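Please open the model and keep it in view while reading. This note takes up a helix and a cavity.

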Amino acid sequence: MAVAGSASGRAAGAEPAGGRPLIITEDPLLLDDLLRLCAAAGAEPHVHHAVPGQGVGSGGSNGTAAGIGWESAPLVLVGDDAARRVRGAPRRGGVFLVGRELDDPLVWQRAVEIGAEEVLRLPDAESRLVDRIADVVEGAGRPALAVGVIGGSGGAGASTLACALALRAARGGERTILIDGDPLGGGMDVLLGGETAEGLRWPDFAGSRGRVGAGALEESLPELHALRVLSWDRGDRVVVPPTAMRSVVAAARRRGGVVVVDLPRRVDEAVAEVLAQLDLVLMVVPGELRAVAAAGRVAAGVRMVARDVRVVVRGRCPGGLDAEAVAGLLGAPLAGEVPVEVGLPGRVAEGEPPGGQGRGALARFCDGFWQRVLGPARGAAA
């Protein structure tokens, strides 16, 4: 069962963003299960024995709230015992028929009669049900655009580009989360000058199972330069289980806006979980033959999971080799070229994050990238 861990619960006193689900059942055991699952998703449901306005409510604080009915609830969970009593209710989306013993062949007929989207059997469907309830609580809307950045070779500058992309997105007004997926990379919080900032790091999420709350995740992370950063601490732990990696990245995406992930070059099971959730992967490749050869091996592993891989060529290419040729050798579209920015390492060492200078070559590339992928309505950041 998906459960809310220490990092996934809602902030105390927070109101659900999307409304409260409606439960319709007279089965006390099923009701206990549904209330438990709602609690795991951070939801406080309304409970009725019949369709509100057409039957008798359950009474108490859950069952008598004015204005909460079949048509107004964002999600309706109908117990199999109550299916016949709601057959005359108006058709609407977001209705689920839920029970424990749903082997009865007529259950599908009852689901059709009430217009249910799905038939869910507990306990098998508990995780699925918690996800749907939590979507209601969080007011889930359009997911974030998730972009991964990976180096085609050592020292390609992937972390620098990931940091700059996140910074420029945030300065352009996008809700932005930067995720450090490389435990051996030195820390994205360090690159942003926030290694001592308060907030959770990856080891705090290593035990997460099931769904992580999107709002709680965002609030728990250090805020640096108007964006949230999930990085590594200075401890020895460098492994996060794939299930935790999947849950955290999924939570970041549900918050909307932009998610940028700095990826290691080695694609293991945990990295594969991240790649599967990304809309786009940018592979940073220095314009030299040895780097292109190394990038070919990295690209082969990434393409086994990622659905869209594009090449960013960094620096000048030697004679006879241009950016289009590099992308062609790697069999991937060219996302653009990033010139080497003179003085950037020194400015970073002095505390200025990559992309901080709005008129620098790196910032110009990032602003142009976001304008292309997010649409022309987005203006360039200052």
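The points below go through the helix, then the cavity.

1. First, a caution. This is a predicted model. Every value below is computed from that model.

2. Start with helix α3, residues 107-114. Which of its residues are buried? They are Val107, Arg110, Ala111 and Ile114. Buried here means under 20% relative accessible area. Note that Arg110 is on the list.

3. Now look down the axis of α3. The buried residues fall within an arc of 105°, so they line one face of the helix. An α-helix has 3.6 residues a turn, so residues three or four places apart point the same way.

4. Turn to the other side of α3. Trp108 and Val112 are exposed there. Exposed means over 50% relative accessible area.

5. Check what comes after α3. Gly115 follows the helix, and its phi is positive, near 75°.

6. Next, the cavity. The structure holds 1 cavity of 30 Å³ or more.

7. Two helices, α13 (344-349) and α14 (361-374), each supply at least two residues of the lining.

Notes
Residues numbered from 1 in each chain as written. Predicted model: local features only at pLDDT ≥ 70, side-chain atom pairs only at ≥ 80, totals over all residues. Heavy atoms only, no water. 1 Å grid on protein atoms, 1.4 Å probe; cavity = no way out; pocket = protein on both sides within 12 Å on 5 of 7 lines; lining within 4 Å. Points joined across faces, edges and corners; volume = space filled by probe spheres on them. Helix = DSSP H or I, 4+ residues; strand = E, 2+ residues; numbered from the N terminus. Buried < 20%, exposed > 50% of the residue type's maximum accessible area, 1.4 Å probe, protein only. Arc of directions from axis to C-beta.
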